[in-house]
Amino acid sequence: MEAVLARDLETLHRAAAESQAEAEAAIRSYERGSSIRLALVFFPVPFIVLLVRLHLEAWGYYVAGGSLVASAALLFALDRAAAARRDRAIRAAERARKACDQARAAKDTR
């Protein structure tokens, strides 16, 4: 009986460690992607406007502003999806760690 509990505890511990590693990878991926998305919002449109400002008609600024708002909205939606994936990974790691801790506490009380 004790060997089965120890094996189950080791399996839970390994699953918690794997889940924690996945959560850390999701966090790194989100942070890296977030930086890229931020640069994609605030760099291309203003840079193009800066380059062609002497040749741009008045309506061109409206188009540039609209495209800046549209790209920001799109990248914000992508960021929310990436944040949701990161949060799911973090919650899974917390659940696995909690299950491991509860199993360890149950084993210690026996």
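## Surface and model

The accessible surface of the protein comes to about 8200 Å², and carbon and sulfur atoms hold 64% of that area. Accessible areas come from the Shrake-Rupley method with a 1.4 Å probe, and for residues only the protein chains shown count as cover. Of the 110 residues, 18% are buried (buried is under 20% relative accessible area, exposed is over 50%, and partly exposed lies in between, with a 1.4 Å probe and protein chains only).

This is a predicted model, in which local features need pLDDT of at least 70 and side-chain atom pairs count only at pLDDT 80 or more, while totals for chains, interfaces and linings use all residues. Residues are numbered from 1 along each chain as its sequence is written, and side-chain values use heavy atoms, with hydrogens and water left out.

## Overall fold

The protein has three helices and zero strands, in the order α-α-α along the sequence. The radius of gyration is 24 Å, well over the 13 Å that the globule rule gives for 110 residues, so the protein is more spread out than a compact globule. Helices (H or I, at least four residues) and strands (E, at least two) are DSSP runs numbered from the N terminus. The radius of gyration is taken over C-alpha atoms, and the globule rule is 2.2 Å times the number of residues to the power 0.38.

The C-alpha trace spans about 80 × 15 × 15 Å along its principal axes. Among contacts (heavy atoms within 4.5 Å) with a separation of 6 or more, 83% join residues 24 or more positions apart.

## Residues in helix 1

A26 sits in helix 1, which covers residues 2–42. Leaving out residues up to four places away in sequence, A26 touches R86 and A89.

The relative accessible area of R14 is 42%, so R14 is partly exposed. R14 and L51 are 37 residues apart in sequence, and their C-alpha atoms are 55 Å apart in space.

D79 lies in helix 3, residues 58–109. With a relative accessible area of 19%, D79 counts as buried. Apart from residues up to four places away in sequence, D79 touches Y30, S34 and R37.
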